[in-house]
Amino acid sequence: MKSFLTVLRFELKTMLQKRSFIISTLIIVAGSFILMSLPGIFKDDDSSGTSKGDKAEAAAPSSTMMICDTHKVISDKKLIEAQFADYKITYASDAEALQNAVELEKADAGFVIHNDRNFTYYVKNSSLTDMTESRFTEFMKQNYQTNELTRLNYNANKINAIYQSEITSETKVLGTDGAGNYFYTYMLVFLLYMMIIIYGNQIAVGVASEKSNRAIEILTTSCSPNALIFGKVIAGALAGVLQTAIIVGSVLISYQMNADALDHMLDPYLQIPSAVLATFAMFGVLGYLLFSFILGAIGAMCSKVEEVNGATLPIQMLIVVVFTMSMFVLQAPDGMLAKILMYLPLSSWMVMFVNVAVSSVSTLEIAISLGLLAVTTVLMGFIGAKLYRRGTLSYGNTLKLSQILKAFKHND
Amino acid sequence: MELEVRNLHKSFQGKEVLHGVSFSVSSGKALGLLGRNGAGKSTTIRILMDVFKANSGEILMNGKPFAASQHNIGYLPEERGLYPKKKVSEQLIYLAQLRGLGYSQAKQSLRYWLDRLGIAEYENRLLETLSKGNQQKVQLAQTLMCDPDIVILDEPFSGLDPVNSSILQEVVQECIQQGKLVIFSSHQMSYVEEFCEDIVILHHGDVVLQGNLKQIKKEYGYNRIVLAAGTLTPAQFEEKLVNSYSDLLSIYEKRSDCFIAELKEGVQKNDVLSRLLQDQIELDQFRIYEASLTDIFVSKAGDEE
């Protein structure tokens, strides 16, 4: 235990003192504060601009529209002015004048109304985001409906009111609010995925570097390989959790500081139920440790640091597959696949809390899955220690699978 | 303390590299483990240190099974290596703590050994910024910081210049005087000769010679004399010895400046001397032959190249 704590302290200190760790943390923290502050800064600029000028002027139309309505289709010009308040509307005597105006950019949009259900839209350069035509179509439709209802002696206003009446509703979720939980579950899954991909690889590199700098023989003859591998992996895991906590914490603090400017847009997503957070913490930590041990063991099998990326690729692929499966479970939480994946230790660490967040899972199911994951994680720790020990015997050589199996068989 | 290695066998991938290595060493003595590259020295040491497990054989300490983890051992492995990007003090304290020292004890011991080895000024430098020789000294400090009862040094002199070698020599001598049990492997026979009471010569995984060094030297020099003639050329002297002295001796070895001759059964040194004087051969050298460790080593492990 004493050796384990010594290794843990040394490794944690080494990781926290790394320039890359300090710089990346500072950049991300600063970045989150800057990004969260941007809407507030721009809002302030906008408001200061309006305060100086006339409010009416600020609301003045920014674009111009020209309409050619020779058949007097538009019954009430106030109606179109209300619909297109952002446009200064002028009227052309004929289609040719309208076309010239649009071409010479005297008007941004031009409409030639042929009859009450047909018009031509003129624009100098079209764009995908241009909604003017669809807005005008909507206006023409309303105009036509009003005219026809009037012609048939109906009260157009009353009928419109009937069509636009609102129905109010409220949802009472008796089980799990899957829809409401979707966003933060997605974020937590993604966070866990990123942590394992980034920090797991660092752990593998750390273990491999001891082999390449030959310190491993001194270490394995100075204390037990269990203390070494557990100390190293848990230190790596703690460094990862610490950095993530700093980053997430800074995002939350910067959000709180700028919540008004951001119209409290993230508030609904930050109300994470304690059951989901607890499941995330338990399964996330164990899953993170499980993959850290697997990646640490792979690091012990590499003879050089350069070999680590290639060697960890299959595990990274597995993590991507689990991540993809979790996304699938997020969409269809009650399927058979979700039931199977939430028990498999290689996937339960991510799938279980997705299930808890968007579906209904019994406490017994959670306990069984957690037990399996915990046992697998501890087992993987000891296998990692064995491989780490075995790594001392193969300087300059990458261990082959057959040698690894032999090591377990013969206690070499 | 008496450490006894009995009949160690070790195979790698089906090939046996140690064929029953046995030796013993006790406190206050140094055992020199000698052998050419690939003879099995480092494998034997690694089995002692529990890096490898032997396929068969046993290691005993005072007659009881030996476990490296239960003893305070200072180990300098052949494959040197520490943390290049860490400060010297940081890593030495860490390794000393792993071997049971408290922080303040480790710090105190660090100061002593850095000072003793003349590298105190590098205490707060990154290891990678030190010269190879100084990195070796840091390794040696690491080995001795926990004041071990057993010191195992695998090729400690490799990579050291003469000045640093003499510092290491002094340190090893001190360890012996302090009653520590010292085992070290080396190619450099002069160092082994200087402070090893016992030697073990390994050759292709076999112990080809072992025992007390003085005794071995005596046995190797037994009945042999060194002869060199002043007036005769080496060829003339050789011809004379072969033709006229074959009843007294035979030539054991020809060297550039002398001959080593082996006396026939029952012949005394004075018999040879009387005949040489009688034949009026002017002698440059006439003395008892004392085998050097290099001679012994070459004769036992020099069958290749």
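The model I consulted is a predicted one.

**Entry 1: helix H5 of chain B**

I looked up what the buried residues of H5(B) pack against. I found strand S3 (30–35), helix H4 (132–144), strand S7 (150–154), strand S8 (181–186) and helix H6 (189–195), which belong to chain B.

I then noted which residues these are: Leu168(B), Val171(B), Val172(B) and Cys175(B) are buried in H5(B). Viewed down the helix axis they fall within an arc of 100°, so they line one face of H5(B). On the other side of H5(B), I recorded Pro162(B), Val163(B), Ser166(B), Glu170(B), Glu174(B) and Gln177(B) as exposed.

I also checked the length of this helix. H5(B) covers residues 162–177, and its 16 residues, at 1.5 Å a residue, should span 22 Å. After H5(B) comes Gly179(B), for which I noted a positive phi, near 85°.

**Entry 2: helices H2 and H4 of chain B**

I turned next to H4(B) and its crossing with H2(B), residues 88–98. Their axes come within 9 Å and cross at roughly 30°. The crossing is right-handed. On the H2(B) side I listed Val88(B), Leu92(B) and Leu95(B), which meet Val138(B), Ala141(B) and Gln142(B) of H4(B).

**Entry 3: helices H12 and H14 of chain A**

I found the crossing of H12(A) and H14(A) to be right-handed.

From H12(A), the contact is made by Leu318(A), Val322(A), Phe323(A), Met325(A), Ser326(A), Val329(A) and Leu330(A). H14(A) brings Leu346(A), Ser347(A), Met350(A), Val351(A), Val354(A), Asn355(A) and Val358(A).

**Entry 4: where chain A touches chain B**

Finally I asked how many residues of each chain are in contact with the other. I recorded 17 residues of chain A and 19 residues of chain B. On the side of chain A that touches chain B, helix H1 (2–17) and helix H9 (216–222) each supply at least two residues. H9(A) gives the most to that side, with 5 residues.

Note on methods
Residues are numbered from 1 along each chain as its sequence is written. Chains are lettered from A and ligands numbered from 1 in the order in which they are written. This is a predicted model: local features need pLDDT of at least 70, side-chain atom pairs count only at pLDDT 80 or more; totals for chains, interfaces and linings use all residues. Helices (H or I, at least four residues) and strands (E, at least two) are DSSP runs, numbered from the N terminus. The expected span of a helix is 1.5 Å times one less than its number of residues. A residue is buried if 20 or more other C-beta atoms lie within 10 Å of its own, exposed if 12 or fewer, and partly exposed in between; C-beta atoms are placed from the backbone. The arc is that of the directions from the helix axis to the C-beta atoms. Two residues are in contact if their C-beta atoms, placed from the backbone, lie within 7 Å. A crossing is left-handed if the near helix is turned anticlockwise from the far one by less than a right angle, and right-handed if clockwise. Axes are lines fitted to C-alpha atoms, for helices over the stretch in contact, and angles run from 0 to 180 degrees between N-to-C directions.
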